[in-house]
Amino acid sequence: MENIVSVSNLKKSFKNIHVLKDVSFTISKGSIFALLGSNGAGKTTAVRILSTLSKPDGGNAEICGYDVVRQSDNVRGCISLTGQYAAVDEALTGRENLQLIGQLRRLPNVSQKAGELLAAFKLEDAANRKASTYSGGMRRRLDIAMSLMGDSQVIFLDEPTTGLDPQSRIAMWDMVKGLAGGGTTIFLTTQYLEEAEYLADHIAILHDGVIIAEGALEELKKRFPPAKKEYVEKQPTLEEIFLKIINEKNEDSEKEAEQL
């Protein structure tokens, strides 16, 4: 399978702190790659280098066949980035934020695409309100929607679901799966291991500046002894309980609306 991201011996230091010591990996086109690691492991540093926001001290990286340092303009033309913090223009409405990104990318049918994303992220009711009135979760959803405005070949999602409620997080997962199914490559960092387990085709674990393990989930599982078969009563998780209650409430509301 064709590699769309190639990273070799990447290094980055801040003063005397070696954040990335020798990082190498490749990502196949149309796959979902999850980079995992503890806080401070260097995940965001790697994302910043690959998205041309920071320069490495050593090594090299290519995206879409372009060198991230020497051909940064070409790289920026084929990627999108959602960082850890929502980067929306609070003076604009949600719809205007999306349309602005579409216009900057010179996309056709900007209004239609903006409307589709507003619907997908359940922001239709707030579309014409200024982003300054949005809750933190709503701003995060808008920020993610803005990164999907266009047809980027590679999308970087740096802890994208932090601050999202369970329903929005699951909707985000479904959208990421759909994008990868359509050929888009996803580079994901996350603190939610169940998120990586559900989404990722390939997982790499970054620790002390190097990749200490990588592979598909099934490959990583082989590093542990075979699971013991035990029969226990499975209790629902809090997330399952939350979603069931919310869904039941939505169904009741729909039934009441039909009776009116």
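1. How much space lies in the second largest pocket? About 360 Å³. Keep in mind that this is a predicted model. The pocket has a lining of 15 residues. Closest to its centre are Leu36, Leu193, Ile203, Ile205 and Leu220.

2. Next, look at what builds that lining. Helix H7 (193-199), strand E9, strand E10 and helix H8 (217-221) each supply at least two residues of the lining of the second largest pocket. H7 gives the most, with three residues. By type, the lining of the second largest pocket holds ten nonpolar, three polar and two charged residues.

3. Leu36 is among the residues closest to the centre of the second largest pocket, and Leu36 stands opposite Ile205 in E9. Ile205 is also on the list of residues closest to that centre.

4. Is strand E3 mostly covered or mostly open? Mostly covered: five of its five residues are buried. Both faces are covered. Ile32, Ala34 and Leu36 are buried on one side. Phe33 and Leu35 are buried on the other.

5. Which strands pair with E3? One is strand E8 (residues 185-189), which pairs with E3 (residues 32-36) in the parallel sense over four bridges. Here Ile32 stands opposite Ile186. Another is E9 (residues 202-207), also parallel to E3, over four bridges. In E9, His202 is the bridge partner of Phe33.

6. Follow E9 onward. E9 pairs with strand E10 (residues 210-215) in the antiparallel sense, over five bridges. Leu206 has Ile211 in E10 as its bridge partner. E9 and E10 form a hairpin with two residues between the strands. In that hairpin, Asp208 takes a positive phi near 55°.

7. Now turn to the largest pocket. About 460 Å³ of space lies in it. Its lining has 18 residues. Nearest the centre of the largest pocket are Leu81, Thr82, Gly83, Ala87 and Asp143. Helix H1 (43-50), strand E6, helix H3 and helix H5 each give two or more residues to this lining. The lining divides into eight nonpolar, six polar and four charged residues.

8. H5 spans residues 136-147, twelve residues in all. From its first C-alpha to its last, H5 reaches 17 Å. That is close to the 16 Å expected at 1.5 Å a residue.

9. How many of the twelve residues of H5 are buried? Ten are, and H5 is mostly covered. Among the buried ones are Gly137, Met138, Leu142, Asp143 and Ile144. Arg140 and Arg141 are buried as well. Asp143 also lies among the residues nearest the centre of the largest pocket.

10. What covers the buried residues of H5? The cover includes two strands, E6 (79-82) and E7 (154-158). It also includes the helices H3 (94-104), H4 (110-120) and H6 (166-181). Two of these names return from the largest pocket: E6 and H3 each give two or more residues to its lining.

Conventions:
Residues are numbered from 1 along each chain as its sequence is written. This is a predicted model: local features need pLDDT of at least 70, side-chain atom pairs count only at pLDDT 80 or more; totals for chains, interfaces and linings use all residues. Side-chain values use heavy atoms; hydrogens and water are left out. The expected span of a helix is 1.5 Å times one less than its number of residues. Buried means under 20% relative accessible area, exposed over 50%, partly exposed in between (1.4 Å probe, protein chains only). Contact means heavy atoms within 4.5 Å. Two strands pair if DSSP finds at least two bridges between them. On a 1 Å grid over the protein atoms alone, a cavity is a set of points where a 1.4 Å probe fits but cannot get out, and a pocket is an open set with protein on both sides within 12 Å along at least five of seven lines; lining residues have an atom within 4 Å of a point. Grid points are joined across faces, edges and corners, and a volume is the space filled by probe spheres set on the points. Ala, Val, Leu, Ile, Met, Phe, Trp, Tyr, Cys and Pro count as nonpolar, Asp, Glu, Lys and Arg as charged, and the others, Gly among them, as polar.
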